[in-house]
Number of protein chains: 2
Amino acid sequence: MALEHAILVSLLEQPGSGYELARRFDRSIGRFWTATHQQIYRVLRRMETDGWIVAEEIVQDGKPDKKVYAVARDGRSVLSDWLREPVEPETVRHELAVKIRAAAFDDPAALVSEVTRHRESHAALLERYLSGEQRDFPAGAELEPQQQLQHVVLRGGIEYERMTLAWLDDVLTTLHRLSRRP
Amino acid sequence: MALEHAILVSLLEQPGSGYELARRFDRSIGRFWTATHQQIYRVLRRMETDGWIVAEEIVQDGKPDKKVYAVARDGRSVLSDWLREPVEPETVRHELAVKIRAAAFDDPAALVSEVTRHRESHAALLERYLSGEQRDFPAGAELEPQQQLQHVVLRGGIEYERMTLAWLDDVLTTLHRLSRRP
DNA sequence: GTTGCCTATGCAACTCGTTGCATAGCAGGA
DNA sequence: TCCTGCTATGCAACGAGTTGCATAGGCAAC
C-alpha cells in the first residue's frame, strides 16, 4: 500500500521511467524503501489507470523506447491525504538478532565471522552516506526546503549506521567472552 | 523463509503452543520479528510435517485444548546450518522517511503531529526496554550465556530507540524551521 | 565473432503476509 | 442477561513481494 507513496515522492523529486525508478530504489531511495522492477512496473500501470500519474512515451535512439511518468493532480492529492493520516510504526525484522539469540543453543564463536561481515558492510554504508552528505549538503550553504528534508533523512541514516556499528562491537565483545570459556 | 528460524529459537528458549508463540511475537520477540497467529499456525504445521518440531496434545480444563510444540533434532540442525550461512542485510522500509521527503511538496507543518506521535511511542518503548533490562539483567549479576545474548539484543533495542528519539527531535527542529517562514 | 552487460518493459508462477470470519467454552462486568 | 474479552485453532480469499524467464537492440571487451 505504501510503495505507491514512495513512487509519488520519487516522481515529484524527478519524473522518470519505471526502469529509472527501479535504479533509484536500488540506490538512494533504497535506504528507506526497497522494490524490484516487477513491483514498480505493476504499480505504475495501476497508478496510471487510476490517474495518479501520467506517462509520456519517449522514443529513443539506440535504446528501447521508454515511458516517462510524472505526477498528476490526483497523485498529489493522494500523497497530501496520506501525509495527514497516521501510519503505524514500522515492523522491524532483524534476522541478525534472531541469530544472536540462536547462538545460545549452538557455538557462539560460529557467529563471529557473520557479525564481522555485517560490521564491514555497515561501515562501508556509513562512509558512502558521509561522502554523499559532504557532496550534496555542504556545511554553511543555504539549502532549499526539499534539500533540508532530504538532509535530515540522510542524517537519520548516518546515525543509524553509527549506532549499529557500536552495537555490533558490543555483540562481538559478548561473543568473544562466551567463546573463551566453553 | 526466516519465520521458521525465529520460531525455532523461541521454542528452544521455551516450548509452547501456536497461541503462546503468537503472544510472544506480540511482545518480546516482536521487537525484532513480527508475525500474526495465521502465519504461525501455518508454519508450525509445515514444520511439524517436516519433522523440525514435535507436538504434544495438552487437554485443558476450562480452556480449549492446545498443542505444545518442542524442537526436534532435525530442527536443531536446521537452525545450526542457518546460523553458519550468511544472511543478507535487512531491507529497511521506513514510511516516516518517505513522509518527510514528501513534506517538501506539501506543508511541512502538517507532519509535526505525526512525528510527535512517533516520538511518544518510541519514548514509551524505550521506557519499557529500560525497566525490562533492570528486571531481567540486574547489574553485577552472573548471567548464563543465553541471558547474556538476550541482553546484548536488548541493548541493541535500547540504543536504537535512543538514536531514533534524538533523530526525531532533529526532524521536528527541521520541520519547525521550515514552517516558520512560509 | 561471440559472449556478456546495459537499457527497457513485461508475463507467469510462486511464496509470504494480512484480513475477515468461524468455532466454542469460560469468566467478568454493566 | 447480555456483552465483551480471553484462550485456542483454523479456513478462505486477497494483496504484497520474489524469482525466473522472455524480448530486443546496442555496445564494449576478449
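Residues are numbered from 1 along each chain as its sequence is written, while chains are lettered from A and ligands numbered from 1 in the order in which they are written. Because the model is predicted, local features need pLDDT of at least 70 and side-chain atom pairs count only at pLDDT 80 or more, whereas totals for chains, interfaces and linings use all residues.

Q: Which helix of chain A has the highest mean pLDDT?
A: Let's start with confidence: pLDDT is the predictor's own score for each residue, from 0 to 100. Chain A has a mean pLDDT of 92, and 98% of its residues reach 70 or more. Among the elements of chain A, helix 2 (residues 18-26) has the lowest mean, 93, and the highest, 96, belongs to helix 7 (residues 145-180).

Q: In what order do the elements of chain A run?
A: Helices (H or I, at least four residues) and strands (E, at least two) are DSSP runs, numbered from the N terminus. Chain A has seven helices and two strands. From the N terminus on, the order is α-α-α-β-β-α-α-α-α.

Q: What is the radius of gyration of chain A?
A: This value is taken over C-alpha atoms, and the globule rule is 2.2 Å times the number of residues to the power 0.38. The C-alpha atoms of chain A fill a box of roughly 65 × 45 × 40 Å along the principal axes. A compact globule of 182 residues would come near 16 Å, but the radius of gyration of chain A is 21 Å.

Q: Which helix of chain B gives the most residues to the side that touches chain A?
A: Two residues are in contact if their C-beta atoms, placed from the backbone, lie within 7 Å. By that rule, 58 residues of chain B are in contact with 58 residues of chain A. Several helices of chain B each supply at least two residues of this side, including helix 1 (3-13) and helix 6 (112-136). With 18 residues, the one that gives the most is helix 7.

Q: How many residues on the side of chain B that touches chain A are nonpolar?
A: Ala, Val, Leu, Ile, Met, Phe, Trp, Tyr, Cys and Pro count as nonpolar, Asp, Glu, Lys and Arg as charged, and the others, Gly among them, as polar. The copies meet through the same surface, since 100% of the interface residues of chain B are also interface residues in chain A. On the side of chain B, 12 residues are polar, 13 are charged and the nonpolar ones number 33.

Q: Which residues come nearest to DNA strand D?
A: A residue is near a strand if its C-beta atom, placed from the backbone, lies within 6 Å of it. Both chains take part: helix 3 (37-49) of chain A and helix 2 (18-26), helix 3 (37-49) and strand 2 (66-71) of chain B each supply at least two residues of this surface. By class, the surface has seven nonpolar, 10 polar and four charged residues. Of the 21 residues around DNA strand D, the nearest are Q38(A), S17(B), G18(B), Y19(B) and K66(B).

Q: Which residues are closest to DNA strand C?
A: Here helix 2, helix 3 and strand 2 (66-71) of chain A, together with helix 3 of chain B, each supply at least two residues. Of the 21 residues that surround DNA strand C, the closest are S17(A), G18(A), Y19(A), K66(A) and Q38(B).

Q: Is E56(A) buried or exposed?
A: A residue is buried if 20 or more other C-beta atoms lie within 10 Å of its own, exposed if 12 or fewer, and partly exposed in between, with C-beta atoms placed from the backbone. E56(A) is found in strand 1 (residues 53-58) of chain A. Because it has 11 other C-beta atoms within 10 Å, E56(A) is exposed.

Q: Which residues of helix 1 of chain B are buried?
A: Their cover includes helix 5 (95-102) of chain A, along with helix 2, helix 3, strand 1 (53-58), strand 2 and helix 4 of chain B. The buried residues are H5(B), A6(B), I7(B), L8(B), V9(B), S10(B) and L11(B).
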